[in-house]
Amino acid sequence: MKRSTPRRRSLVLLAAFTAAALVIGLLMFDKYRQRHELPTVQPVPGATGSFRVTLFFAAPEGDGLAREGREVPACDQLADCVDAVLDELINGPLGALQPTVPPTTTVRHVRIEGDTAVIDFGRELADGLPGGSSSEMTAVYSVVNTVCFNFPQLKRVRFLLDGAEAESLTGHLDLRQPIEPDYSKERPAEPEPRQPQ
């Protein structure tokens, strides 16, 4: 009788470990599955629970932007909702898409002025981007398209860096005026399969 106690404990521990691994695995699978589900309704400040948003990351081939769906916790104010969506953009894509902003990027403050989102980024947004106009354009339009697509009442984004007006991020794109979205930069999320000839 006493000999079976350690074996029984081992079986209980094994069962508990297996159950925990299964739950974690299902949660991770669900998060990866959701990346292809795009929202059908726009997020509403003050809603409870969570809402789905669309994030714009760099397309797999590196030319243009592609969409990825993501679940975001509910928020009370529009500025808080924009901040939450930007946090997910900074976290990067879950699948084959490429990140558009450095992972060290911080959002210092978001305020809403009429139909414009004024976003104060930390200096690391500019400092962490590789040189060249392509990475700057991709980063800027990734932010602008993401914000304006998810919150249609916002028509443009004004960029600040460390509280000051941003002239540009890496010297190629003039950011002294608010930027409107440009959805023409969008590409398919997955490369099209080649047809046999």
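The expected span of a helix is 1.5 Å times one less than its number of residues. Helices (H or I, at least four residues) and strands (E, at least two) are DSSP runs, numbered from the N terminus. This is a predicted model, where local features need pLDDT of at least 70 and side-chain atom pairs pLDDT 80 or more, while totals for chains, interfaces and linings use all residues. Residues are numbered from 1 along each chain as its sequence is written, and side-chain values use heavy atoms, without hydrogens and water.

Start with helix H4, residues 133-150. Its 18 residues should span 26 Å, and the end C-alpha atoms are 26 Å apart, so the two values agree. Of these 18 residues, 14 are buried (under 20% relative accessible area; exposed is over 50%, partly exposed in between; 1.4 Å probe, protein chains only).

Now the strands. Two strands pair if DSSP finds at least two bridges between them. E4 (residues 116-121) runs parallel to E5 (residues 156-161), with six bridges. Ile-119 has Phe-159 in E5 as its bridge partner. E5 also pairs with E6 (residues 164-165), antiparallel, through two bridges. The E5-E6 hairpin has two residues between its strands, and Asp-162 in the turn has a positive phi of about 50°.

Asp-162 also forms a salt bridge (side-chain nitrogen of Lys or Arg within 4 Å of a carboxyl oxygen of Asp or Glu) with Arg-108, at 3.9 Å, N to O. Arg-108 lies in strand E3 (residues 107-113), so the pair ties together parts 54 residues apart in sequence. Asp-162 is partly exposed at 42% relative accessibility.

Asp-115 and Arg-156 form another salt bridge, with closest N and O atoms 2.7 Å apart. Asp-115 sits in the loop between E3 and E4 and Arg-156 in E5, so this pair links parts 41 residues apart in sequence.
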